[in-house]
Amino acid sequence: MPKQKPALKIALIGHGFMGAAHSQGWRVAPRFFDLPLQPEMTLLVGRQAAGVEAAAEKWGWAETSTDWRTAIERDDIDVVDIVTPGNSHAEIAIAALAAGKHVLCEKPLANTLAESEAMTAAARSAGSGIKAMVGFTYRRVPAATFARELVTSGAIGEVRQVRAAYLQDWLYDASSPLTWRLQKEHAGTGALGDIGAHAVDLSQFITGQKIVGVSGLMQTFVHERPLLEDPSQHGEVSVDDAAAFTARFDGGALGTFEATRMATGRKNSLRIEVSGSKGAISFDLENYNSLGYYDATAVSTRQGFAQIMVTEEEHPYISAWWPTGHTLGYEHGFVHQAKDFIEAIGEGQQPTPSFEDGHQVQRVLDAVQQSAANDSIWTATA
């Protein structure tokens with residue numbers, strides 16, 4: 001009989017959209033990847049007993065609680081996974097790290113720069129045995145990971161320009177209800193932090209460069225929306241519907257960024273294009289399994305963007321899955337996230353993206369907000 005692996009007991013705080021995605025990750029990862037530890041879905045936490053119990057039964061969590069402090073106080077919990085709205089990230093993560101728990105926290109790391117700084121300090125002081133990671137899951141889409149490998153290998157030469165846009169349309173209809181994502185006290189920002197954070201992180205991940213300054217614009221188009229509990233009443237939208245900014249990277253590249261939940265007709269398009277001295281790469285989340293690659297060193301009659309199907313066994317993560325050409329989907333990034341986090345814990349390595357990486361993204365978001373509030377003045381990220 002195979003040797004039984006040490007258990008890694010997980011507590012998940014939150015059980016909505018991201019709770020389902022993270023549950024899928026924890027559940028599936030050990031069935032496809034040979035992991036050093038066996039994750040156990042031990043505790044699911046939510047505010048309403050009936051809702052959290054139904055979610056636990058659906059996704060396979062052993063126990064439930066309506067108080068996140070239960071996860072902190074229990075000695076048997078090894079990992080605290082945070083998928084709550086941003087206004088509670090700092091309190092939960094700092095308490096979990098102080099209690100000696102590993103922490104996985106959804107993006108953006110926090111609602112404010114001060115909160116993310118405190119979380120990063122807590123992770124730094126937790127000791128080398130305690131690991132903390134922020135959930136920028138799109139890094140783990142095989143095509144995006146392969147894009148980084150191409151850039152790092154020099155396949156496109158010197159990185160010169162980055163064009164990044166995250167386009168969604170779920171708010172274009174003014175009658176869409178007021179959710180927590182539209183309230184500053186819960187979400188911090190709107191499109192900028194919700195989806196723009198992904199564009200910032202993925203651009204820095206692929207290029208290996210950090211954004212050091214920005215000039216930004218932010219706008220709210222619909223200022224009031226129907227309340228969820230009573231559509232006849234309206235409440236204030238206190239965050240941005242769209243944000244756009246230019247940026248400079250520390251390696252000399254220039255960047256343009258857009259984040260909007262008002263791009264009518266675009267459902268979930270995260271686009272990254274990186275242009276270099278020898279070629280370019282192009283990725284779009286709506287074309288999940290492929291990567292555009294342009295080789296400018298080829299003879300002119302053979303130049304043009306090639307679409308690489310990132311489904312070969314040699315591509316990142318693919319060897320654990322299906323035969324060549326059998327594509328992956330949205331949930332697989334969360335499986336890869338769970339795999340990488342468990343491996344980092346088991347091997348005693350710092351997982352990435354770290355809280356420091358998340359704090360760097362928060363610096364960019366904060367600089368965009370400052371710039372937008374001051375007539376788009378150029379604003380450094382540090």
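**Strands, helices and a pocket**

Let me start with a pair of residues: Val159 has Gly276 in β13 as its bridge partner. Keep in mind that this is a predicted model. The strands behind that pair are β7, residues 159-167, and β13, residues 269-276, which run antiparallel and share 8 bridges. β7 also pairs with β12, residues 254-260, this time in the parallel sense and over 7 bridges. There, Val162 stands opposite Gly255 of β12.

Next, the helices. Two packed helices are described by the angle between their axes and the distance between the axes. For α6, residues 142-152, and α8, the angle is about 40° and the axes are 7 Å apart. α6 is therefore oblique to α8. On the α6 side the contact is made by Ala144, Thr145, Ala147, Arg148 and Val151, and on the α8 side by Leu202, Phe205, Ile206 and Thr207. By type, the residues of this contact are 6 nonpolar, 2 polar and 1 charged.

How many residues line the largest pocket, and which lie nearest its centre? The lining has 48 residues, and Val83, Thr84, Pro85, Trp180 and Arg181 are the ones nearest the centre. The volume of this largest pocket is about 1,200 Å³. Helices α1 (17-32), α4 (89-98), α7 (184-187) and α8 (191-207) each give at least two residues to the lining. The largest share, 4 residues, is from α8. Sorted by type, the lining has 19 nonpolar, 23 polar and 6 charged residues.

That is the end of my part.

Conventions. Residues numbered from 1 in each chain as written. Predicted model: local features only at pLDDT ≥ 70, side-chain atom pairs only at ≥ 80, totals over all residues. Heavy atoms only, no water. 1 Å grid on protein atoms, 1.4 Å probe; cavity = no way out; pocket = protein on both sides within 12 Å on 5 of 7 lines; lining within 4 Å. Points joined across faces, edges and corners; volume = space filled by probe spheres on them. Nonpolar A, V, L, I, M, F, W, Y, C, P; charged D, E, K, R; others polar. Axes fitted to C-alpha atoms, helices over the stretch in contact; angles between N-to-C directions. Parallel < 35°, antiparallel > 145°, perpendicular 65-115°, else oblique. Contact = heavy atoms within 4.5 Å. Pairing = 2+ DSSP bridges.
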